[in-house]
Amino acid sequence: MDENHTLSLSIDDQATLRSCKLHSTSDIDLALEETLAAAKEKQRFCIAKRWTFNFAGRTVVLKEEADKVAGWLNRFTAVGDIVANVDPVHIGLPWAGIRLLLQATVSEANQMTSLLVGCEIALYMANRLRAYADFLYRLPVTLTRTNFETAVTELYAHVLRFLARAIRIYQTSTTHRALHAFWTDSDVAGFEKVCKELEVRVDIEASNCDRTLSAQDRERVGNLKQDLQEVLEELKKSHRLQESLDRLETKIDLDKLPYAKGAMYNSYGDDYITCHPATRADVLQSIYDWAQDPL
């Protein structure tokens, strides 16, 4: 992949990403820690607000989106320095810009929804791209490998383009930023749609990578493809975990529900209170009569 993923970006996007790219692993580690801390703060904020929001016809529980953002960031923080140095996705993402987005003050539910859902999708795709990149660099040089690399590069460029737009809005004046969300609902929905289309193409090209190989290489690449599919499946499960984009789980904290004093079960304490003598008198009499003469 190298720097090819930036070639299809606009000059403005390239400039924005360069301003946010960190070059040393120590700087990246620090930015990741601060980004994760910002995501956890968004978690606490969403818990306090108990926000849900209708996004693209689906109900989003914002606390769950913040949970998933933190989960994807944790996957990056778990990478060691040696691995990070050779991981083009890890070192290529604009971590300084992602940190700014998650640290931004967002007080409206719809803007928080777009921010968290957008970041969640982008970070999910970034983790898929890492799996694709690992598979790519283990392949022998063939035309099918080149086709796969091109597809991966297009997906990576799409993710960077999406992030660059939001970072550029953040870098404008505070007044302008207050009037414009980092992403609109349609921006995020469109981004997700294209991601799925490009993802399908990448998977097809990955499946073609062993077609022109020798029997020995085909067996080795077959094993690599199996490993890749296992990683992608695990990532997909994490992406769908508590998936508020596809379903709504109503979660009620019963301890926080209001109640009328004295109306709870056993709320009478030590007092023993019986029913009024006239309660269900006719029903009880019918039972007594039946008991005496059941026929």
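Author: A disulfide is a pair of cysteine sulfur atoms within 2.5 Å, and this structure holds 0 of them. The model is predicted, with local features needing pLDDT of at least 70 and side-chain atom pairs counting only at pLDDT 80 or more, while totals for chains, interfaces and linings use all residues. Residues are numbered from 1 along each chain as its sequence is written, and side-chain values use heavy atoms, with hydrogens and water left out.

Reader: Thanks! Then what makes C119 and C209 count as buried or exposed?

Author: Buried means under 20% relative accessible area, exposed over 50%, and partly exposed lies in between (1.4 Å probe, protein chains only). C119 has a relative accessibility of 3%, so it counts as buried. C209 has a relative accessible area of 3%, so C209 is buried as well. Over the whole chain, 42% of the 295 residues count as buried.

Reader: Why is helix α6 called largely enclosed?

Author: Helix α6 (residues 95-103) has 9 residues and 7 of them are buried, so the rest of the structure largely encloses it. Those buried residues are W95, A96, G97, I98, R99, L101 and L102. Their cover includes α1 (11-20), α2, α3 (62-77), α5 (88-92), α7 and α8.

Reader: R99 is on that list. What makes its pairing with E34 a salt bridge?

Author: A salt bridge is a side-chain nitrogen of Lys or Arg within 4 Å of a carboxyl oxygen of Asp or Glu. The side chains of R99 and E34 meet at 2.8 Å, N to O, so the pair passes that cut-off. R99 sits in helix α6 and E34 in helix α2, so the pair ties together parts that are 65 residues apart in sequence. At 18% relative accessible area R99 is buried, while E34, at 31%, is partly exposed.

Reader: How many salt bridges are there, and which residue does E199 pair with?

Author: There are 14 in the structure. E199 pairs with R128, the closest N and O atoms being 3.2 Å apart. E199 lies in helix α10 and R128 in helix α7, so this bridge ties together parts 71 residues apart in sequence. Both count as buried: E199 has a relative accessible area of 12%, and R128 has 2%. Another bridge joins R165 and D187, with the closest N and O atoms 3.5 Å apart. This pair links distant parts of the chain, R165 in helix α8 and D187 in helix α10, 22 residues apart. R165 is partly exposed at 32%, and D187 is partly exposed at 24%. Salt bridges with shared partners also join R128, E199 and D203 into one network.

Reader: How do you know that the length of helix α10 agrees with its residue count?

Author: The expected span is 1.5 Å times one less than the number of residues. For the 23 residues of α10 (residues 185-207) that should give 33 Å, and the end C-alpha atoms are 33 Å apart, so the two agree. Its buried residues include V188, F191, C195, L198 and V202. Their cover includes β1 (52-55), β2 (58-61), α7 (109-136), α8 (143-170) and α11 (215-240).

Reader: Why is K42 said to have no salt bridge?

Author: The nearest side chain of opposite charge, E41, is 7.7 Å away, so it falls outside the 4 Å limit. Here Lys and Arg count as positive and Asp and Glu as negative, with His and the chain ends not counted. K42 is buried and lies in helix α2 (residues 25-49). Leaving aside neighbours within four places in sequence, K42 is in contact with A66, L102, Q103, A104, M112, L115 and L116.

Reader: Lastly, what makes R50 buried or exposed, and where does it lie?

Author: R50 has a relative accessible area of 53%, so it counts as exposed. It lies in the loop between α2 and β1. R50 also has a positive phi of about 55 degrees although it is not a glycine.

Note on methods
Helices (H or I, at least four residues) and strands (E, at least two) are DSSP runs, numbered from the N terminus. Contact means heavy atoms within 4.5 Å.
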